[in-house]
Amino acid sequence: MTGEAWLGDVARAARALGTRSPEDLARIAALLGMGGSPAEPAPTGREEAAPDAPAWQAPAQEEDAGRPRPDTDQSVFGRRDEPARSGTVTVLVPVDERSRPAHSWTTPSLPRPRGRGEAAQRPPHLPLLAPRSTAALLTMVLSRVTPEGELDVDRATEELARARPLTAIPRRPLPTLRYGVQILADTSGAMEPFARDVEDVISHVRALAGVAGTQVLRFADVPSRGAGPGARATWQRPYRPPRPGVRVLILSDLGAGGPALNPWRATEQEWRTTIDTIRQRGCEPVALVPLPERYLPRWARGLLPMLTWDRGTTVGKALGARR
């Protein structure tokens, strides 16, 4: 027999032999090398053994002090003062119980999850346009230059020196937003990541041109499919441009962003039709596109002024896009 015997071996042997008494368990443990040497069969003679005496008995030997004895150690083989009953199971009591050592984690634990009634804290908004130059940039993009500034002294002096009558008072050019602004805000899936930036630009334009001078129309993919100030069910189709002289600001990717297999992507012809409709009304469109310059649609570069919607956009670039 190789290896070391355990209590499970004693239990399996007792089950195979069909025995449950503590005496038989002690004998089985002795035969397996637990608690003493195996017992030898009793010698045959004329004297008959008592009816209650066992058929064989292990000789008394000197055992190890450290090894538990099956007939005395109650912690391993149960209590001996209780008689064995049929149908009962002997409960094994563990000798020793050790607590699990504490483990120190090297990574901090995750934050406590919020409850159902607690609202999630929104991260701080970082707008695409630089906050310090947003007002100047939008004024440069949306203003309309009119001869309503201060008196142009140099031009008036030149006309008088040539003995020409002043039929009109010459004035310097002045950018103004008094004609109003119409904002076309794209609400398609491609513009969903920039929803907070769209609302940020709308609030800035209202602060510059006034609430009464700002009209906001929302659309999906292209305005020619329908646009309106409220829910999609209230959008008008086809899109109607504003009155003549109003600047039209388009907040969209012009069909250049979003998934490549988007079935609702606006086509070039749809945007050309929309921009032609705006110009025929006597208005000038300008687009803020949240894409780098290399991703701007080529067909739109000569069709309308476009400006990259990014932190690197300056007032100088806005002036260059207007020309």
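**Exercise 1. Locate Val145 in the secondary structure and determine whether Val145 is buried or exposed.**

Step 1. Val145 belongs to strand E3, which covers residues 144–146. Helices (H or I, at least four residues) and strands (E, at least two) are DSSP runs, numbered from the N terminus.

Step 2. The model is predicted: local features need pLDDT of at least 70, side-chain atom pairs count only at pLDDT 80 or more, and totals for chains, interfaces and linings use all residues. Residues are numbered from 1 along each chain as its sequence is written, and side-chain values use heavy atoms, with hydrogens and water left out.

Step 3. The relative accessibility of Val145 is 52%, so Val145 counts as exposed. The classes are buried (under 20% relative accessible area), exposed (over 50%) and partly exposed (in between), with a 1.4 Å probe and protein chains only.

Step 4. With neighbours within four places in sequence set aside, Val145 is in contact with Pro173, Leu174 and Pro175; contact means heavy atoms within 4.5 Å. For Leu174, 29 residues away along the chain, the C-alpha atom is 5.4 Å from that of Val145.

**Exercise 2. State where Ala185 lies and which residues it contacts, leaving aside neighbours within four places in sequence.**

Step 1. Ala185 is placed in strand E5 (residues 181–186).

Step 2. At 0% relative accessibility, Ala185 counts as buried.

Step 3. Apart from neighbours within four places in sequence, the contacts of Ala185 are Val198, Leu217, Arg218, Phe219 and Leu251.

Step 4. A separate C-alpha distance can be given for Glu199: it is 9.0 Å from Ala185, at a separation of 14 residues along the chain.

**Exercise 3. Determine how many aromatic pairs there are, and characterise the geometry.**

Step 1. Rings of Phe, Tyr and Trp (its six-membered ring) pair if their centres lie within 6.5 Å; planes under 30 degrees apart count as stacked, over 60 as edge-to-face and the rest as tilted. By this rule there is one aromatic pair.

Step 2. The ring centres of Phe219 and Trp271 are 6.1 Å apart and the planes stand at 80°, so the pair is edge-to-face.

Step 3. Phe219 is part of strand E6 (residues 214–219) and Trp271 of helix H7 (residues 268–280), so the pair ties together parts that are 52 residues apart in sequence.

Step 4. Phe219 and Trp271 are both buried.

**Exercise 4. Describe the placement of the charged end of Arg144 relative to the ring of Tyr179.**

Step 1. A charge sits over a ring if NZ of Lys or CZ of Arg is within 6 Å of the ring centre and within 35 degrees of the ring normal.

Step 2. The charged end of Arg144 sits over the ring of Tyr179, at 4.3 Å from the ring centre.

**Exercise 5. Determine how many salt bridges the whole structure holds, and examine examples.**

Step 1. A salt bridge is a side-chain nitrogen of Lys or Arg within 4 Å of a carboxyl oxygen of Asp or Glu. The search of the whole structure finds nine salt bridges.

Step 2. One of them joins Asp9 and Arg12, with an N to O distance of 2.3 Å. Both residues lie in helix H1 (residues 7–17), three residues apart, about one turn of the helix. Asp9 is partly exposed at 21% relative accessibility, whereas Arg12 is exposed at 56%.

Step 3. Another joins Glu268 and Arg272, whose closest N and O atoms are 2.9 Å apart. These residues are four apart in helix H7 and therefore separated by about one helical turn. Glu268 is partly exposed at 34%, and Arg272 is partly exposed at 28%.

Step 4. Salt bridges that share partners join Asp221, Arg225 and Glu270 into one network. Within it, the side chains of Arg225 and Asp221 meet at 3.7 Å, N to O. Arg225 is partly exposed, at 27%, while Asp221 is buried, at 13%.

**Exercise 6. Identify the nearest side chain of opposite charge to Asp200.**

Step 1. Asp200 is found in helix H6 (residues 195–209).

Step 2. Lys and Arg count as positive and Asp and Glu as negative; His and the chain ends are not counted.

Step 3. Leaving aside neighbours within four places in sequence, Asp200 is in contact with His125 and Pro127.
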